[in-house]
Amino acid sequence: MKIDIRTIGMISAALLVAASCGNGKKSSSKGAATQEVAQELPKVAVEKVTRQAVNHVGTYTSTVQANVVNNIAPQSALRIKTINVEIGDFVSRGQVLARMDVSNLEQAKLQLANDSTELVRIKGLYEVGGVSKSELDAIQLSYNVRKTSYHNLLENTVLRSPITGVVTARNYDKGDMYTMGQPLFTVQEITPVKLLVGISESDYTRVKKGDKVSLTVEALPGETFEGHIERIYPTIDPATHTFTVEVRVANRNRKLRPGMYAKVDVNFGSSESIVVSDRALVRQQGAGDKFVYVYDPDARTVSMVKVEVGVRFGNSAEILSGIEDDVYVVTEGQLRIKDGVEVDAVISGTETEE
């Protein structure tokens with residue numbers, strides 16, 4: 001079959017036109033897709049920082065202690081005649097806790113009575129000139145010494161509690177000979193109780209006597225106790241760079257007991273500070289530095305800014321330095337952005353996109 005050269009040329013031209021059209025469509029489609037990808041900006045949520053009053057509270061650990069601890073024992077070795085209280089008993093000031101053997105006391109009582117009689121007799125003789133003033137003074141001195149000795153022995157024979165508190169130790173039984181090795185009783189005053197709290201030296205000027213504190217103990221979950229700073233120690237420990245404050249808690253219901261582990265919150269007052277959502281903070285891996293992304297509504301870009309964080313409370317954080325008022329910070333989408341990029345931002349509290 002004979003093919004016309006003109007026909008072959010027309011077919012070739014048609015094929016070239018078709019191929020050119022196909023390549024043009026593919027190139028146009030690829031360019032549109034590239035443009036579409038370029039317009040997809042990372043989406044983030046931003047919110048405006050606020051300035052508000054922030055309570056500055058320091059949290060510390062301590063141990064509950066009795067306000068006063070008394071070890072009660074006679075002055076000399078005596079046999080224990082009676083014991084009137086047991087461990088755990090609450091006692092009042094002046095209550096008799098135990099009685100020791102009274103033989104020495106009875107002897108001292110008789111001697112005191114004899115000296116008293118002799119003193120009366122010598123006074124009578126002195127009035128009529130029968131004895132000198134020096135003899136009267138000597139008898140008077142002897143009587144005074146005997147009286148003091150008697151009352152001292154009386155205090156060490158009938159043992160009374162010097163405070164109102166609870167008996168926390170009893171080391172002897174009825175009939176034992178007190179050997180002066182351990183006290184007979186230990187009585188602790190627990191209304192009120194005290195805690196010794198170590199506070200950083202940087203807060204030394206912020207603490208004042210009378211400042212209110214609150215505390216919780218692990219043994220009583222869900223309960224909070226109120227107290228105040230009773231005393232501020234005048235020196236700072238050079239090893240720990242802390243100073244000690246004594247916290248006093250009334251403990252009228254006697255729930256707090258010596259030895260309980262406590263967490264103590266000391267309120268240093270409040271100040272007006274910049275506050276951001278805790279979600280805005282970005283932590284740099286391998287370091288303790290914290291950053292926020294600040295959003296520029298005009299340029300629609302974000303900048304990574306280092307900040308100094310103060311008090312954390314609830315879902316918010318105090319910012320001490322790094323950003324100023326009236327700026328926007330990114331709270332969601334930080335993983336999709338970096339410093340200087342343009343973003344598609346939704347401002348908290350609005351439904352429109354920047």
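A residue is called buried when its relative accessible area is under 20%, exposed when it is over 50%, and partly exposed in between, using a 1.4 Å probe and protein chains only. At 6% relative accessibility, Thr331 therefore counts as buried. This is a predicted model, in which local features need pLDDT of at least 70, side-chain atom pairs count only at pLDDT 80 or more, and totals for chains, interfaces and linings use all residues. Residues are numbered from 1 along each chain as its sequence is written, and side-chain values use heavy atoms, with hydrogens and water left out.

**Confidence**

- The chain has a mean pLDDT (the predictor's confidence in each residue, from 0 to 100) of 86, and 87% of its residues reach 70 or more.

**Thr331**

- Thr331 lies in strand β18, which covers residues 328-332, where strands (E, at least two residues) and helices (H or I, at least four) are DSSP runs numbered from the N terminus.
- Leaving aside residues up to four places away in sequence, Thr331 touches Ala45, Val46, Glu47, Ser277, Arg279 and Ala280.

**Glu189**

- Glu189 belongs to strand β9, residues 185-200, and it counts as buried because its relative accessibility is 17%.
- Apart from residues up to four places away in sequence, Glu189 touches Ala66, Asn67, Val68, Ile163, Thr164 and Gly165.
- Val167 is 22 residues from Glu189 along the chain, and their C-alpha atoms are separated by 9.1 Å.

Key: Contact = heavy atoms within 4.5 Å.
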